[in-house]
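Dear colleague,

Please find the structure below, together with its sequence. A short account of the findings follows it.

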Amino acid sequence: MSQKTILIAGHEVESVLMSALIKHYSRQGYDVLFGECCEPQSIAKEIEDLISGNRSLSAFLYISPPPRQGKMLDDDADVINATMNDCLERGLWWIQAVSKKMIAQGTGGRIVTLAHIAALVPTERFSYGAASQLALMNLCRSAIQELAPYNIKINTIFRGFSHTHPLEHEFVEQLKVLHKDDGIPLLEYTSPEDIASTCYLLTDPQINSFNGAMITMDSGFYVTRKIRYLSEI
Amino acid sequence: MKLQNQVALVTGSGNLKGIGRGIACALAQEGADIAVNYVVNPQEAEQVAHIIRGYGRRALLVKADISDPLQVQQMYADIEAHFGRLDILVNNAGVCVWEPFLEISKPAFDHAVNINIKGTWECARLAARLMVSKGIQGRIINVASGHARRPMPLMGIYAATKAAIDQMSQSMAFELARYGITVNQLWPGFVETNINDPKPELATLEGRKKLLATIPIGKPATIEDLGAAAVYLCSQEGGVVTGDFIKIDGGQHIRCI
């Protein structure tokens, strides 16, 4: 019997989240491996090297980078250039290569992209860098029909703000002050354990019906937030 | 006239059959002078300029490939030198790529992303700067697509770029509202323009029939329909609409958004 394996690639996340993911999947009997390549021509080879012997690539998690900060009127055109290459392009090549591997195995598989809630909400400072995450989700959704015959499913998680990420922590604390009279009860951080459990749910081979889903894990921030500038106009 | 004495830049408007031409002419009919951006065909762009001048408006031809930031900078320098201001940007230039997900190639990816995302962003950024520097409460319209939220097979890259434009437009609207600049999107459905010539469904009569059957109202939108929507968003009546989109698709994406 082949050893089920989850491959994780993309960008670094907070160590507490990575620990939660490793712990969760290991407990379920998965080998947890990490891909590091960025170039399209190297990714397929890295996958072949990692998924060897009796291993079978059952699941893949692509981690989008934390949204870069930037403003439209600033000089930093790089905020769009870099994120499109860092997130969208790297995500495309990884997911394409993983899909080909799963097709070659003939086993199907589950793919999850871990994006950020800022990709859905026009949030001052964070949003431009997050456009790539929404783009990646849409790209994956367009592939669903093509990958369905191979029993490959792709879903997206939009995680909320991290307690341990310094910039996100500062941002949320400012939002809490701004929204203190707005009656929004759900401005909370998303726990790493919640994210790991949801990743597992979406990669569970026993569950077939999730495909093209986008799950917001933000305690209701996306739905309840009011538009508000961080600084006075 | 709703746009008297205003100046508009419409990217990708040098094609007689294109959405850009429809929008440029509609804005001109309402009194706006137009910068007609084109890349490949100066003769056809000149014909568009000729139509605009026929409405009694000024027209300036500006050649620029919007995927090249230096050409975009030069385009804005030319517009400022010629007209002295910019009130309206319609970010219309774009490309469509049809490739199966498993066969998407780097050249195709770069081509679409450099024009549809990075070019759109750069044009909007420089327009916003020009408007802010002159205290103009201008209008930016980004032409996206229903595919921003309704991805389809073979259209992965295109759908990705349009989703990025959707998200970026909302961010722009949020950031620029404090300067009185509105940012909205037009989402055309199927329009009979050159961009759709390679569309696989249109290769046969049967395919075309099937495509039209996906439009509840039974006919494609026209470039004039797009022009009318652009006029509304640029007019005084549309001045409080920002961060939003108008679908002009005969109901094609009605169940998907």
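The model is predicted: local features need pLDDT of at least 70, side-chain atom pairs count only at pLDDT 80 or more, and totals for chains, interfaces and linings use all residues. Residues are numbered from 1 along each chain as its sequence is written, while chains are lettered from A and ligands numbered from 1 in the order in which they are written.

The contact made by helix 3 of chain A includes Met84(A) and Leu92(A), and on helix 4 of chain B it includes Val113(B) and Trp121(B); two residues are in contact if their C-beta atoms, placed from the backbone, lie within 7 Å.

Between the chains as a whole, 36 residues of chain B and 35 residues of chain A take part in the contact. Helix 5 of chain B gives the largest share of the side of chain B that touches chain A, with 14 residues.

In helix 6 of chain A, the buried residues (20 or more other C-beta atoms within 10 Å of their own, C-beta atoms being placed from the backbone) include Ile195(A), Cys199(A) and Leu202(A). Among the elements that cover the buried residues of helix 6 are strand 1 and helix 1 of chain A.

With kind regards

Key: Helix = DSSP H or I, 4+ residues; strand = E, 2+ residues; numbered from the N terminus. Buried ≥ 20, exposed ≤ 12 C-beta atoms within 10 Å, placed from the backbone.
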